[in-house]
Amino acid sequence: MNDNRAAGIANISRTRRAQLVAEFEGDLGIDHRARAKAAADERRWQVIKTIIVWTIALIFFTIACQKLWIIGQDVDRPFSDVNFLHGWFED
């Protein structure tokens, strides 16, 4: 009897299975629209957080590039302070 029931459940179409699950969840008081709205809100909030983080990262990157450019404008010879061997091998 148990094997026949399992085989019967396995042969139910997906649509009918979804209907049965919806009816069962409806009997339990689960609201599908509220669940779908909550899932959509969660995805929307994830996208908003991602946009915020990337915007802040781009702002910091832009500020850093501008600061480096400004620092580079004040130098007579670029990277002259990085030359470690300056003056060692001059004639």
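Trainee: What pLDDT does the protein chain average?
Mentor: This is a predicted model: local features need pLDDT of at least 70, side-chain atom pairs count only at pLDDT 80 or more, and totals for chains, interfaces and linings use all residues. pLDDT is the predictor's confidence in each residue, from 0 to 100. In the protein chain, 66% of the residues score at least 70, and the average is 78.

Trainee: Where is confidence highest in the protein chain?
Mentor: Residues are numbered from 1 along each chain as its sequence is written, and side-chain values use heavy atoms, with hydrogens and water left out. Helices are DSSP runs (H or I, at least four residues; strands are E, at least two), numbered from the N terminus. Helix 1 (residues 2–10) has the lowest mean, 62. The highest, at 91, belongs to helix 3.

Trainee: Which pattern does the protein chain follow along the sequence?
Mentor: The protein chain has 3 helices and 0 strands. Its pattern reads α-α-α.

Trainee: Which side chains meet in a salt bridge?
Mentor: The criterion is a side-chain nitrogen of Lys or Arg within 4 Å of a carboxyl oxygen of Asp or Glu. By this rule the count is 1. The N to O distance is 3.1 Å, and the partners are Asp 41 and Lys 37.

Trainee: Why are Asp 41 and Lys 37 about one helical turn apart?
Mentor: Both lie in helix 3. The separation is about one turn because they are 4 residues apart.

Trainee: Is Phe 60 buried or exposed?
Mentor: Phe 60 lies in helix 3 (residues 32–73). Buried means under 20% relative accessible area, exposed over 50%, and partly exposed in between (1.4 Å probe, protein chains only). Phe 60 has 57% relative accessibility, so Phe 60 counts as exposed.

Trainee: What share of the 91 residues in the protein chain is buried?
Mentor: Lys 37 is exposed at 53%. Asp 41 is partly exposed at 35%. Buried residues make up 1%.
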